[in-house]
Amino acid sequence: MKSIDNELKDLQETLKLKYKIKDIRLFYYTVNDEKSLTIRNIIMINLLMIKKRHRNTGIGSSVMNEICNFADENKCFLTLRTSTKFGSSIKRLVSFYDKFDFIEKDTNIIKDSIFKGRLFIRHYK
């Protein structure tokens with residue numbers, strides 16, 4: 001049986017080839033929740049970049065659907081941060097993430113300086 005991490009790497013490569021994505025970076029990690037004494041499985045969507053000529057064609061939604069399905073099947077939370085670095089507006093990104101049930105989290109409670117941008121989390125179904 002493959003680990004979630006290895007399956008995620010396979011998914012990443014499959015999506016890259018299937019949809020001709022410019023770049024995609026997905027990372028799996030676990031967090032120990034001390035309050036509930038549980039371990040949370042998390043997939044971070046670090047980068048999802050669709051080629052300019054393929055934007056507004058539904059490819060981003062198809063890719064996100066596959067990522068969400070994978071997360072649901074493996075009982076993983078999804079996290080991501082917004083970035084306008086590649087040309088999209090925050091308003092458009094927030095609207096896109098909302099379609100997939102991402103909820104914006106208060107970044108004041110997260111004291112990291114590595115990742116910038118607004119934080120969104122999606123609970124698995």
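1. Of the 125 residues in this chain, 36% count as buried; buried means under 20% relative accessible area, exposed means over 50%, and partly exposed is in between (1.4 Å probe, protein chains only). Keep in mind that this is a predicted model, where local features need pLDDT of at least 70 and side-chain atom pairs count only at pLDDT 80 or more, while totals for chains, interfaces and linings use all residues. Residues are numbered from 1 along each chain as its sequence is written, and side-chain values use heavy atoms, with hydrogens and water left out.

2. Now the overall layout. The chain has 3 helices and 5 strands, in the order α-β-β-α-β-α-β-β along the sequence. Its radius of gyration is 15 Å, close to the 14 Å from the globule rule for 125 residues, so the chain is as compact as a globular protein of that length. That radius is taken over C-alpha atoms, and the rule is 2.2 Å times the number of residues to the power 0.38. Helices (H or I, at least four residues) and strands (E, at least two) are DSSP runs, numbered from the N terminus.

3. Buried residues here include Ile59, Val63, Met64, Ile67 and Phe70. The buried residues of helix 2 pack against helix 1 (4-19), strand 1 (23-33), strand 2 (38-49), strand 3, helix 3 (90-98) and strand 5. After the helix comes Lys75, with a positive phi near 50°.

4. Which residues touch the most other members of the largest nonpolar core? They are Met64 and Phe102, in a core of 27 residues. Helix 2 gives the most to this core, with 7 residues. A nonpolar core is a set of buried Ala, Val, Leu, Ile, Met, Phe, Trp, Tyr and Cys residues joined through side-chain atoms within 4.5 Å. Leaving out residues up to four places away in sequence, Met64 touches Ile45, Leu48, Leu80, Phe96, Tyr97, Phe100 and Phe102.

5. Leu80 turns up again in the strands, where it stands opposite Phe120 in strand 5. Strand 3 (residues 76-81) pairs with strand 5 (residues 119-122) in the antiparallel sense, over 4 bridges; two strands pair if DSSP finds at least two bridges between them. Strand 4 (residues 103-105) also runs antiparallel to strand 5, joined by 3 bridges. There, Ile103 has Ile121 as its bridge partner.

6. How many disulfides does a search of the whole structure find? It finds 0, where a disulfide is a pair of cysteine sulfur atoms within 2.5 Å. For Cys68, the closest cysteine sulfur is in Cys76, 12 Å away and too far for a bond. Cys68 is buried at 5% relative accessibility, and Cys76 is buried too, at 0%.

7. Gly87 is exposed, with a relative accessible area of 65%. Its C-alpha atom is separated by 30 Å from that of Glu7, 80 residues apart along the chain.

8. One last point on contacts, meaning heavy atoms within 4.5 Å. Among the contacts with a separation of 6 or more, 58% come from residues 24 or more positions apart.
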